[in-house]
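Please open the structure in a viewer and keep the sequence at hand.

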Amino acid sequence: MKRKLDFSKLGFGTGMIHAGQEPDPSYGALATPIYQTSTFCFDTAEEGGEIFSGERAGYAYTRGGNPTTTALEQKLSILEGGEAAIATASGMGAVGGALLAYAKAGDHILRGRCIYSCTEHVFRENLSKFNIEVTSADFSDLEAVAGGIKENTKLLYFESMSNPMMELSDIREISRIAHDRGIKVVVDNTFTPPPEIRPLSLGADLVVHSTTKYINGHGDAIGGAIIGAKEELDPIRSGITTKLLGTTPSPFNSYLVLRGMQTMELRMQRHCENGFAIASFLEGNPHVKRVYYPGLSSSPQHALAERMMKGNYGGILAFELKDGIRGMKAFDACKKLLNSFTIPSIAVSLGDPGTLVEHAASMTHGAVPAEEREREGITDALIRVSAGLEDKEDLLADFRAAFSVLD
Ligand code: LCS
């Protein structure tokens, strides 16, 4: 058996390879096996009772826990530097679990104004049914955050980098504002996983992720995670994600995410390099009105990006085309461009090995009410790019060729 490693003393790459992955006790399998079972049997009735009561460690039923998922949860906690993690069946399962943990009828949640459309839907439609009040504020503006807090505010919820406008929030300052008032902070870190941004180290109480994206990194599994202190997570696990919502991942998907995470450090480096290269290309293109990528020194948020991301500016970006290209409406120009790429795929999601391009106003954010979309700048001219892991020169050549159809 391998020795226990102290991940607090080891680098990020080492942690992503070894955390959670002890050789399997049955046969010494080095890769974590997929325990594809719904239930577990006990040697005796006494043992069953003790496992159920928590007196004895063990597994009873996969909705409540499974060894493959436990391995993933250990790796997820090391990823974000949390004490513990809950793996969920999707990012939305993680968002729902974290929201229900903190908010009850009569409470108020202040949320970032620009967020993923399904999360926006949960806030707008689902929480109001439980008499939970939600308002939004510009989380890139600390005064707006402080001004949006009410007597009954229990939770601040925002994305570390907003989907799809790539707006950063100062997590350290926002956490300070919240904690001074006894308010919890939940950050969706899907767009900027470590080594880019580490919300817990900046003061957030919980981090949620769609592991579907960079964390799995292979575009072949849906998953999510809630990461934080054990005492915050225990009630969520026992009362919400496993018992109430049943958002447990399948052992097979846990295995895929666990496997994908081992190469995270190398993958994230390449995503960041390709994201920066594409953003720089777009900035110099005459058809582009504006690029949304805080890694560019021209970005109004570059100083904050430098402070929080330390050079790892991510693989996701958005840009707007100029008005009236060849007399076309913005939406038509976007469609023409999207249809002209050969390496990038027209697809939602992000963090896949291959580059993905999408039109947010008609795809990911099509369900957001039009006036809210306009207020956030999600115009018909906006295209979102998830830079993949391809060779940079191939990607740049493809972007150059695709843009030439607009000349
Ligand atoms: N949080 C963020 C910031 C997201 O972007 C998404 C999905 C989720 C949570 C939900 O994760 P899921 O349940 O899909 O694992 N974002 C998507 C997107 O931008 N395109 O396709 C899905």
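The stops that follow concern the ligand, the salt bridges, a strand residue and a surface patch.

Before starting, note that this is a predicted model, in which local features need pLDDT of at least 70, side-chain atom pairs count only at pLDDT 80 or more, and totals for chains, interfaces and linings use all residues. Residues are numbered from 1 along each chain as its sequence is written, and side-chain values use heavy atoms, with hydrogens and water left out.

**The ligand**

Select the ligand and the 18 residues around it, of which D188, S210, T212, K213 and R384 come nearest. A residue counts as near when one of its heavy atoms lies within 4 Å of the molecule. This shell divides into 5 nonpolar, 9 polar and 4 charged residues. In that division, Ala, Val, Leu, Ile, Met, Phe, Trp, Tyr, Cys and Pro are nonpolar, Asp, Glu, Lys and Arg are charged, and the others, Gly among them, are polar.

Next, display the polar contacts, which are pairs of N or O atoms within 3.5 Å. A backbone N or O atom of G91 is 2.9 Å from an oxygen atom of the ligand, and a backbone N or O atom of M92 likewise lies 2.9 Å from a ligand oxygen atom. From S210, an N or O atom of the side chain is 2.8 Å from an oxygen atom of the ligand. On its own the ligand has 480 Å² of accessible area, and the protein covers 92% of this; such areas come from the Shrake-Rupley method with a 1.4 Å probe.

**The salt bridges**

Now turn to the charged side chains. A salt bridge here is a side-chain nitrogen of Lys or Arg within 4 Å of a carboxyl oxygen of Asp or Glu, and the whole structure holds 22 of them.

Select E358 and R384, whose side chains meet in a salt bridge at 3.3 Å, N to O. E358 lies in strand 11 and R384 in strand 12, so this pair ties together parts that are 26 residues apart in sequence. Strands (E, at least two residues) and helices (H or I, at least four) are DSSP runs numbered from the N terminus. Are these two partners buried or exposed? E358 is buried at 1% relative accessibility, and R384 is buried at 2%. Buried means under 20% relative accessible area, exposed over 50%, and partly exposed in between, with a 1.4 Å probe and protein chains only.

Move on to D391 and R270, which form a salt bridge of 3.4 Å, N to O. D391 sits in the loop between strand 12 (382-386) and helix 14 (392-404), and R270 in helix 10 (residues 264-283), so the pair ties together parts 121 residues apart in sequence. D391 is partly exposed at 46%, as is R270 at 31%.

**Strand 9**

Select L321, which is found in strand 9 (residues 316-321). L321 is buried, with a relative accessible area of 0%.

**A surface patch**

Finally, select I346, V348 and M363, which make a nonpolar surface patch of about 230 Å². Patch residues have over 30% relative accessible area and no salt bridge; like charges are joined within 9 Å, and nonpolar side chains (Val, Leu, Ile, Met, Phe, Trp, Tyr) within 5 Å. V348 lies in the loop between strand 10 (345-346) and strand 11 (356-358), and counts as partly exposed at 41% relative accessibility.

Definitions and conventions
A polar contact is a pair of N or O atoms within 3.5 Å; within protein, one must be able to donate a hydrogen and the other to accept it, and residues adjacent in sequence count only if both atoms are side-chain atoms.
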